[in-house]
Amino acid sequence: GTFKLSPDGKNIAIEIFESKSRNTDIWLYDIPRKVPTRFTFDLAVDRFPVWSPDGSRIVFTSNRNGPSNLYQRASSGAGSEELLFESNLAKIPTDWSLDGRFLLYHSLGDPKTAFDLWVLPLAGDRKPILFLQTEFIEFRPAMSPDGKWIAYNSNESGTAQVYVRPFPGLGGKYQVSTTP
């Protein structure tokens, strides 16, 4: 399953499929102590964990209310899960800006554009910003440490390549991968 290392390098958030319950949940694995702890308990499928830059929260996707929506919870396991954003398109979180202000995700489900790239402000009204939508498949957005660029995968050239575009403003894209 998908896994992410915590910012301090001491924990791993990992999705695990349990054959007995036929369900996927997120678990945390404490590396120094070699101790696993279950993080989500819902009967729905919980996947794609992403740590906040300070390690205090984890965002993940869950289909507990229909399409996969974004939830967050304190990484300590304290408190309950909070619905962060829901819409009629399935969403997969992929990165968090280093300043903690933005969550990046790609959506899927639009028959004309397939996968699209979004930026979710985590303050204010949390209204998502459409970053890139084309007839091609764009996925796995990641923000540069200075918050000025977003890298992503796209098949627009006919093969999967990595591109970068400036954020938040408009601007051209640059292919940064060299795979033929």
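Tyr 152 has Tyr 163 in β15 as its bridge partner. The two strands involved, β14 (residues 149-154) and β15 (residues 161-166), pair in the antiparallel sense over six bridges. Strands here are DSSP runs of E with at least two residues, numbered from the N terminus, and two strands pair if DSSP finds at least two bridges between them.

This is a predicted model, in which local features need pLDDT of at least 70, side-chain atom pairs count only at pLDDT 80 or more, and totals for chains, interfaces and linings use all residues. Residues are numbered from 1 along each chain as its sequence is written, and side-chain values use heavy atoms, without hydrogens and water.

β14 and β15 belong to an open sheet of four strands with the order β13-β14-β15-β16 and antiparallel pairing. β13 (138-143) and β16 (174-175) stand at its edges with a single partner strand each, so one side of each has no neighbour in the sheet.

Another open, antiparallel sheet of four strands has the order β1-β2-β3-β4. Its edges are β1 (3-5) and β4 (35-38), each with a single partner strand. β1 pairs with β2 (residues 11-18) over three bridges, and Phe 3 has Ile 14 in β2 as its bridge partner.

β6 takes part in two hairpins, listed below.

| Hairpin | Residues between strands | Turn glycine, positive phi |
|---|---|---|
| β5 and β6 | five residues | Gly 55, about 80° |
| β6 and β7 | six residues | Gly 66, about 105° |

Val 59 has Gln 72 in β7 as its bridge partner.
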